[in-house]
Structures are given as structure tokens and as C-alpha cells.
Amino acid sequence: MDDLLLTLKTTFGYDSFRPLQREIIETSLAGRDVFALLPTGGGKSLCFQLPALLQPGLTVVVSPLIALMKDQVDQLQAAGVAATFLNSTLDADEARSRLRGLHRGEWRLLYVAPERLMLDNWQENLKAWNVTALAIDEAHCISEWGHDFRPEYRQIAKLRDLLPGVPIMALTATATGRVREDIVRHLKLRDPATFVASFNRPNLSYRVIPKDQPAKQIINFVRQRETESGIIYCASRATAERVAESLAGRGFSARPYHAGLEAAERSRNQELFLRDETRIICATIAFGMGINKPNVRWVIHHDLPKNIEGYYQETGRAGRDGLPGDCLLLFSAGDIAKQTHFLDEITNEHEQSVARAQLRQIVHYAESAGCRRAELLAYFGEKFGADNCGACDNCLEPRETYDGTIVAQKFLSCVYRIAQNGTFSVGMNHLTEVLTGADTDKIRRWGHDRLTTYGIGQDLSRSQWAATGRELMRLGYLAVAEGEFATLELTPEGREVLRSRAPVTLTKPMDLPKTRRVVRREGDIACDEILFERLRALRKQLADERKVPAYIIFGDATLRQMAREYPTRAESMDGITGLGEKKRAEFGATFAEAIAGFLQTNPRLTFND
């Protein structure tokens, strides 16, 4: 066994690397700059943690969130790695103690926030600490095109001049081509080796349903998963509070998390969630980045996200341990209107244009009848290699189609007549008003009440016509015109369909689900569920005694494997995932004893898969 695999197994408890991890680690150890794009749950942290153990000196990890630093350092220390962090949560004595340790070369990894690196005295410190590697986590924060731009990240580039010979590794879980270019440029990476893993998260299932009495929908969803941890993302603080109160009032363990809470309460709610004291967090998007809780089993979006990158990142907080996770989006046309209203208030024309394009993309995703997984991957420039993913609503229960030729002809001809009538095109709202025969000032002023298409669509509601228009855009018959306003115009394909009266097939709108097919998804580990719950209780007891989150002891995948293989001695736990030497020495006998005790009164089950 080579040094990389040996360290992976003995320290971290894994028998094999995830895709691209070995290549990234080898390139970093060779002293080259690296840009690595690995999806959430794809094992980014290991790419800089493992090399730090195999080379001399200090690896400095720049991380945007205090919670992330503490979380990763706790996990590393539990595995026997000399890691520490410096941030504003430490008192002066503790900070000085850690600084002395850094000067003595006691630490292999140091986690720090970007703004702290730029303090004057830190420049001398960094030169004195024998820094041999720099890792920039959540590197998309450096790009204004990223979904979480942080201006202080732009300062990190000064490290290139301060430590010119030190290789830099930039890591992110989500970035379009434009953001990738920004990261390389702003961090001054030198001819970096670039690694881009698949964005596919095969253990996640994706569903979108029409929002209808969302409180009731969420309660029904959660009731089927009472022992599981989940996150409910809400567009506003008020909604996050309301949903948390609604769940708590029905006996569910739920708390809010948003920027309007006192810092102490926000921190306490997060800590309770990390320790499995609270099962459900109802949060704005302020929650989650860098929260390395591996056993989040589901994520609900109560409201429409602002963009696909944010949605991908937020759903990616489910199933980080590789076990199955469910992602549910509640969608309504009203959410589109709310988001559009917010966009209207953006004064910068360029920013507003970008935000409108992003909103169109997430609406397209929500309304699409195609495979959800394929849609997400396509956004990031990746092609999904199968016709059916077997784990999204559209693949499991394809929506019905109908002959929409007449409906399409009405809509397209209305666009054509309005353009023919004047020198300008109009937006979706105005088109639906013309089709339904609305009596508005604009319609009268522009003479659109005299068009042959005025009122020809009174058999459908305005929201139905808007949904039809968006589907015609997805089919390529309509496009948003360039310019300040989001107006619609016919594409050459749309003109041809209108001229030739070619048949057009449209998809029926989403229905509320009556039944749901349950499928076994990738990542499932069949095990003795009763024993699993016993081991989970033991894990929580040990974690509480040490005042750390349960997953610092073991992840769910480790416990499920134990509950499948029934090891009754610590020595027979070889091959259990996530069980390194230090953890086996510290906890192996305790869990083996619990399993042996369980088997005295319970039969051993066998599993065929």
C-alpha cells in the first residue's frame, strides 16, 4: 500500500479515494497550483488535509465561515491530526497559546478567515511559520459572478506576492465557466492543474410540486421522516419564523435561523442542529455554507430560489455522507411574481439583467418536464448520460402531453401582431393581458384592443397563458429580446411554426402528487434498523459527553455498516468506512460491546444486496 492510501486508511478510515482526489493530492504534493471543482459531498477537504500530513511545514486553509473552521478542526483532531484555527471566537489567552504553538511548529493545518490574513503582523507570522501550502476553500466567493461573492476574498491575492514559492489550491463545489476564470485570475494561480468532477449527486432525488397550502405539505413530508434531519429554505426571515413555529406547534423539533436573530440565538440554534438536538432548521440562505453536517437527509425549498447555482448548493447539503437524500421544491407562479418585483428594485441595469436571466433559468428548471438531474447538470455544462435518472419526479412519473398547436398558434400570433402593430415588443404580463382581453390603460393607449388577437385566449387564465409562454420559450419558439426590458420576440423557429401551422406538443401542468413511487436509490446501505437506532443513541451519548456534534464521532454510513456486519470486537472492524486507527482505538470496543449486547436478545439479519 502506498503512502497516500496508507494515510487515507489509517487516519481517515477510508479504503479508496473518491473521483479525482488522488490526482489532486499528487499534483499538490508536486508543488503545482491547483484549481479543483468537486461537488458538495465530493471530498474537497481531504484534497488539502491529506497532503498536509505528508509534507513538512504548515498548510494554511482560508475559510469564509467560523462554523466551518471549528467543525473541520474538531473532525481532524478526532482523527488524530494536529489542526487548529484562529478567529474572533477565541479569547486572548487561547489565541496567544495557539500562536505560540504555530511559532514552535506544532500544527500541520491552520484554518483562518481571509480578512485576518491581511493584518500587518500576520505577514511576518506567515513568513516565519514555514508555510508550504495554501488552500482557498469556497473559492467561488472571490467572483462577483458567483452566488456568494465576498469582497474580502479579493485580498487573498496578496499572498501570492508574500509567499511567492508556495503553491495555492483553490477549491469550490459550484462554479460556471465564467466563475472558474474569475477564480484563476483573481487568485493569480500560475498555470494551475484544473480538475472538474461530475456535478451529479446520484444519491439525491429531486422533486418539484405545486405549492398548495405549504404548511400542510411540509408537515406531511416531515411526518414521514420524524427521525431524520432536514433543512427548510425560505425566502424571508418572517417565513422562516412562521414555518418553524408551525412545526414546533405540532411537536416537531424545529428552530429558525436567519440574520435577524441575535447572534447568540442563531449560534445556539445552529449548534443544536449540528448535535441532533434539533432535527429541523427553517432558514434563509444565510444558513448552510460550510456546515459540514453529513446526515442531513432532506432539503425543502419553501420558496423559489434566486438562481440554479444557489439551489444546487443548498440541495447539496443533503446526503453529504453518500446516503440517500430527498430534495423538494414547492413552486408557484406567485413566487415568480415576487422575485420579479424584487428585481424591479435593482437600480444597476447590468445586475438586474443578470438577475433576470438567473430567474428565468430557475423557473425553466421548476417547470420543465425533462429529467431534473439532466437539467441541473446541463446548467454546469455537463451532459447526463442516461435517458432516465430513476430518482426525480419527471423520470419516475412523466407528465402527460397534449396537442397544444392551437394554444401555441394563439400565443405566437399575438407576439407577431403586437410587433407588427408597432416598433416595439412587450413582456409576458402584457401579452397575457392582451390574450385574455384585459381592459388596461396600456392596452388602450397602444391600440392593442384593436388587434385580431385581443381576447382570443379567454378560455385560459393569465397564469396559464404565462406558463404556456414559458414553455414556448423552452421549446425555442420565443426568446427574450436583448435590451433593458425582458420583452419577448419570435425566434426563426417560432416564425416557421406560426407560418406552417406545424403541430406543437405541450406538457400538462404539474399536478399535486396523489401517490409517490418509492425507489431504492444509490447510496442506500441496507442494515438492521433497530441496531442502527441503538448505535445512533450510543453515538449521541458519547458526543454529548465530549460536547461535539454526533458526526465527529462517526457518520451515519459508518453506523449503518456496523449495523449490517455486526462486528463484536474492535479488531473485526477492519474495512468499516470512516473508521481510522485513532477512532477505532478510542471507540471501537464501546460500539463492539453494544453490538454484542444487542445480539444476545436479537437475531442477526442477513442482507442480499
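Author: Accessible areas here come from the Shrake-Rupley method with a 1.4 Å probe, and for residues only the protein chains shown count as cover. The model is predicted: local features need pLDDT of at least 70, side-chain atom pairs count only at pLDDT 80 or more, and totals for chains, interfaces and linings use all residues. Residues are numbered from 1 along each chain as its sequence is written, and side-chain values use heavy atoms, with hydrogens and water left out.

Reader: What share of the accessible surface of the chain belongs to carbon and sulfur atoms?

Author: The accessible surface of the chain amounts to about 27300 Å². Of this, the part belonging to carbon and sulfur atoms is 49%.

Reader: What percentage of the residues of the chain count as buried?

Author: Buried means under 20% relative accessible area, exposed over 50%, and partly exposed in between (1.4 Å probe, protein chains only). Of the 609 residues of the chain, the buried share is 54%.

Reader: How many disulfides does the structure hold?

Author: A disulfide is a pair of cysteine sulfur atoms within 2.5 Å. The cysteine sulfur closest to that of cysteine 395 lies in cysteine 392, 3.7 Å away, which is too far for a bond. The number of disulfides in the structure is zero.

Reader: Is cysteine 395 buried or exposed?

Author: The relative accessibility of cysteine 395 is 10%. Cysteine 395 therefore counts as buried.

Reader: What is the relative accessible area of cysteine 527?

Author: Cysteine 527 is also a buried residue. Its relative accessible area is 7%.
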